[in-house]
Amino acid sequence: MPLNITQKLIRTHLVSGKMEPGSEIGLKIDQTLTQDATGTMVMLELEAMGVKRAQTEASAQYVDHNVIQVDNKNADDHLFLQSATRRFGLYYSQPGNGVSHPVHMQRLAKPGKTLLGSDSHTCANGCMGMLAMGAGGLDVALAIAGEPVYIKMPKVWGVKLTGELPDWVSAKDVILEMLRRFDVKGGVGKIIEYYGPGLKSLSAMDRHVIANMGAELGATTSVFPSDEEVRHFLKQQGREEDWTELLADEGATYDLYEEINLSELEPLIAKPSSPGKVVPVSEVAGTPIYQSYVGSSANPGFRDFAVVAQIVDGKKIKEGISFDINPTSRQLLTDLVKDGHIASLLQAGARLHQAGCNGCIGMGQAPATGRNSLRTTPRNFPGRSGTLEDSVFLCSPETAAASALTGVITDPRTLDMPYPKVSDPEQPTIDTKLLAEPLPFEEAQKVELYKGPNIALIPEMDELHDSMELPILLKMGDNISTDEILAGGARVLPYRSNLPEISKFAFEIIDRTYYARAMASTATGGHAIVGGSNYGQGSSREHAALAPRYLGLRVALARDFARIHWQNLVNFGILPLTFVNPEDYDSLEQGDVLQLTNLREAIQSVNEFGVSVKGKDKQILVQHTLSERQIEVMLAGGMINWAKGKQAQMQ
């Protein structure tokens, strides 16, 4: 039968399971990607598992998140990562080389391959005809060691693109249109595959923008064909030999269908504080802003910066506006300098920052309290910017530039100027000076791991208890993000390799008393939390599961979970349960005590079982969706214990 691109990618990498939506499948992983906010834990996990050498075709460690060095912590961790990549046979992208996703696209991405990354926006490389997925760090560590990754087979959602983008509308508006239509849960359980004649007008980097923010839809990943445009991109990067054509067969079908006429799109914007709150820019035009921020993995291409430079060329931004320019790669920055675009931006009043994630992850450029920030970043979850009570709008580079000139949110179509026509350099800079290649095996084995004083080993974790009485320490609403569970930013992320310290920040955006109450619960057997729908959306950071686990979280009960966080909970021995009867969510209160009995047998024998509420003469029906393999992991108390047990059996 004719196959779509997603089916071809999965079929050629399938090592277990059947390609039936909802069933667990195992996939061989060709490449991995880690970044410094998650990579230190991955390297510690590789060491704990006794891994000698990466078993993938290519694995790369990027330093792009924690590039601000206000003390020794980040600098020490960078040295640890450098030593670990030399020891385990990984590429190492040094600070200043750029954001992982566009740099990986430039230097290592290959059509037809699988890519697993400990960053939720790894899906951006789906623009290259890859099956590129975000995951928790432990899943990536196992992939580096040669193990498959296990996911539930998604439905394939075909999105047909027709027409051509009008002036003042760009790729960011395409993905914002998807979010306007389907919100942050619209892609859950799905892989989005883009096809149709509209693709011809979208560059490889335009496709990167769209694939990147598929994560905000909750999608497993997004996939584009590997066509002549991808071939052109790889040729420009000096890697044409890495190109292979990958197209859907004629007559291929999809589980779901949608169509977007690019010609009908207008400038869009996501209001605070969710990527799904999308409206036309014209609807909020005139709203005052404090900051206009251009950059991030959601708008990483040359044209994304060059069009902004052309819009502000010869002009001056509005007085009092912080106009922040965040280049996404060293290569890109060099080309922007060569073509005079950086000079145009600086002369207009822009602030130029180093190549990296920067303010996107709350690492600098935090906005002032009570002021609006306009950003081309992928997320605007509460507090993600680094300011606790922030007000962040998401938009295209065109809208960001127009608004910087006026000081208010501005529909770029209202500017009194022709739309700048920008094209990529025909011979872009190729720069690998800050990308170190893996060492030969014999030399690698002589490398000693450098561990600064901020690195703490992962504590031992006990197996799943058969009976527990767990107080509900938090009851939360819908769409709780991992940024709210465990914040990012310059204040928190430097402790990423120190679990006891980073745990002090757990849930602080929601309830500052959680840490003290959770620590107290560890002496009495732990605690539970209750969440609404889409619990754990956003970042793949496994610290959002690992830190609460360290603090005694044993059960997370929610209406439903975001994919990556659900897997991270399982990986660290936190039992994820959902309500059989949704109305039971309303009957539970913070402070209630859940009584779970005969739990080990229950999760092995049935998917549904009862949980009593102490002192209320009430029982609620809950369910789990664990596979047989995941049940083994849960019984062992998490993936690390399970992997150790597996290795012991082999010896």
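The buried residues of α5 are G137, L138, D139, V140, A141, L142, A143 and I144. The model behind these answers is predicted.

Q: How many of the eight residues of helix α5 are buried?
A: Helix α5 covers residues 137–144. Buried means under 20% relative accessible area. The helix is largely enclosed by the rest of the structure, because the buried residues number eight of the eight.

Q: Which strands are the edge strands of the open three-stranded sheet?
A: The sheet has the order β1-β2-β8, with antiparallel pairing. An edge strand pairs on one side only. The twist averages 45° from one strand to the next. The edge strands are β1 (14–16) and β8 (149–152).

Q: What is the bridge partner of L27 in β8?
A: Strand β2 spans residues 24–27. β2 and β8 pair in the antiparallel sense over four bridges. In β8, the partner of L27 is V149.

Q: Which element gives the most residues to the lining of the largest pocket?
A: This pocket holds about 810 Å³ of space. Its lining counts 40 residues, and the closest to its centre are S203, D206, R303, V422 and D424. The elements that give two or more residues are α7 (204–212), α8 (228–236), α10 (302–312) and α11 (330–338). With four residues, the one that gives the most is α8.

Q: How many charged residues are in the lining of the largest pocket?
A: Asp, Glu, Lys and Arg count as charged. The lining also has 17 nonpolar and 13 polar residues. The charged residues number ten.

Q: Which elements give two or more residues to the lining of the second largest pocket?
A: About 630 Å³ of space lies in this pocket. It is lined by 32 residues, and K152, V188, G189, R563 and W566 lie nearest its centre. By class, the lining divides into 14 nonpolar, twelve polar and six charged. The elements are β8, α19 (563–571) and β24 (575–579).

Q: Which element gives the most to the lining of the largest cavity?
A: The structure holds four cavities of 30 Å³ or more. The largest has a volume of about 230 Å³. Of its 20 lining residues, A215, G218, A219, G538 and A562 are the closest to its centre. With three residues, the element that gives the most is α19.

Q: How many polar residues are in the lining of the second largest cavity?
A: The second largest cavity has a volume of about 200 Å³. Its 22 lining residues include Q35, H65, D119, I361 and R384, which lie nearest its centre. Six are nonpolar and four are charged. The polar residues number twelve.

Q: How many disulfides does the structure hold?
A: C360 is also buried, with a relative accessible area of 9%. Its closest cysteine sulfur, in C357, is 6.2 Å away, so it is too far for a bond. Over the structure, the number of disulfides is zero.

Notes:
Residues are numbered from 1 along each chain as its sequence is written. This is a predicted model: local features need pLDDT of at least 70, side-chain atom pairs count only at pLDDT 80 or more; totals for chains, interfaces and linings use all residues. Side-chain values use heavy atoms; hydrogens and water are left out. Buried means under 20% relative accessible area, exposed over 50%, partly exposed in between (1.4 Å probe, protein chains only). Two strands pair if DSSP finds at least two bridges between them. Axes are lines fitted to C-alpha atoms, for helices over the stretch in contact, and angles run from 0 to 180 degrees between N-to-C directions. On a 1 Å grid over the protein atoms alone, a cavity is a set of points where a 1.4 Å probe fits but cannot get out, and a pocket is an open set with protein on both sides within 12 Å along at least five of seven lines; lining residues have an atom within 4 Å of a point. Grid points are joined across faces, edges and corners, and a volume is the space filled by probe spheres set on the points. A disulfide is a pair of cysteine sulfur atoms within 2.5 Å.
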